[in-house]
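The entries below follow the order in which I looked things up.

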Amino acid sequence: MDLKMNNDIFIKVSKLLENGAKDRNHDFHIMTFCTIGKLGVEARSVVLRNFDKERNIIRFHTDYRSPKLNEITNNPNTVCLVYSYKLKTQLRIKTISSIHYDDRTWKESWESTGLSSRKCYLTKYNPSRNIEEKDDGLPLELKGKTPTLKQSEDGKKNFCVVDNKITEVDYLYLKSSGHERMWLDFQNNKSSWIAP
């Protein structure tokens, strides 16, 4: 079955990802991103920032100092997982991840990032490092406040973009009249029904 031509599931998946990227209240706005670390699989929640339907790319932002970037560099084969309780839909998305830093994509993404989102890149700590006591590492003058544009620019060096090229999607829709599950092969432009 051709993936992109006459495939209602492909259209539905694309729309769900587009909505997840645009609507902060959509269940797909937060996704689980999985990598292979030194001790096995690592998973964490990230914010879906963009879905490029033409290039089949899911994008999120992260701290350049995060351990996940080393994991991506060592093995770019990753998985993104989203689930909506309301829509009874799960997408397990196999991806190949790439890092953007100090390039055009990075610059454009930084410029379109709101001040409240830029704030998290102002922490003095590298993510996942041990610290002496509970502390988010943000400057005292920003506790409970949104930084100014000028203040936010100090976080630019810690900002990073991760693009995740979709290779496969395992689509699952749960319904009382009969579950639906389809495998979508984005690399070879084909799809097939599979047992739920």
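Entry 1

Does D170 count as buried or exposed? I took D170 as buried, because its relative accessibility is 10%; buried means under 20% relative accessible area, exposed over 50%, and partly exposed in between, with a 1.4 Å probe and protein chains only. I note that this is a predicted model, in which local features need pLDDT of at least 70 and side-chain atom pairs count only at pLDDT 80 or more, while totals for chains, interfaces and linings use all residues. Residues are numbered from 1 along each chain as its sequence is written, and side-chain values use heavy atoms, with hydrogens and water left out.

Entry 1. Salt bridges

I counted salt bridges next, and the structure holds 14. The criterion is a side-chain nitrogen of Lys or Arg within 4 Å of a carboxyl oxygen of Asp or Glu. D170 forms one with R92, and the closest N and O atoms are 2.7 Å apart. This pair links distant parts of the chain, since D170 is in strand β7 and R92 in strand β6, 78 residues apart. Helices (H or I, at least four residues) and strands (E, at least two) are DSSP runs, numbered from the N terminus. R92 counts as partly exposed, at 42% relative accessibility. I also found that a network of salt bridges links R92, D170 and R181.

I then looked up R104, which forms a salt bridge with E108, the closest N and O atoms being 2.9 Å apart. Both residues lie in helix α3 (residues 104-111), four residues apart, which is about one turn of the helix. R104 counts as exposed at 67% relative accessibility, whereas E108 is partly exposed with a relative accessible area of 43%.

A further salt bridge joins K143 to D136, with the closest N and O atoms 2.5 Å apart. K143 is partly exposed at a relative accessible area of 34%, and D136 counts as partly exposed at 41% relative accessibility.

Entry 2. Nonpolar cores

I turned to the nonpolar cores, each a set of buried Ala, Val, Leu, Ile, Met, Phe, Trp, Tyr and Cys residues joined through side-chain atoms within 4.5 Å. The largest has 28 residues, of which V13, L17, I58, L91, I93, I166 and V169 touch the most other members. The elements giving two or more residues to this core include α1 (8-22), β1 (30-37), β6 (89-100) and β7 (159-173). With six residues, α1 gives the most to this core.

A second, separate core has five residues, including W110, Y121, F159 and V161.

Which residues of α2 are buried? I found K68, L69, E71 and I72. They lie on the same side of α2 because they cover an arc of only 160° around the axis, the arc being that of the directions from the helix axis to the C-beta atoms. On the other side of α2, N70, T73 and N74 are exposed. The cover over the buried residues of α2 includes β1, β2 (40-47), β4, β5, β6 and β7.

In α3, the buried residues are W106, S109 and W110. They line one face of the helix, because they fall within an arc of 100° when seen down its axis. The buried residues of α3 pack against β4, β6, α4 (115-118), α5 (149-152) and β7.

Entry 3. Aromatic pairs

I counted seven aromatic pairs. Rings of Phe, Tyr and Trp (its six-membered ring) pair if their centres lie within 6.5 Å; planes under 30 degrees apart count as stacked, over 60 as edge-to-face and the rest as tilted. F10 and F186 form a tilted pair, at 5.6 Å centre to centre and 50° between the planes. F10 lies in helix α1 and F186 in the loop between β8 and β9 (190-193), so the pair ties together parts that are 176 residues apart in sequence. Both F10 and F186 are buried.

Note on methods: Contact means heavy atoms within 4.5 Å.
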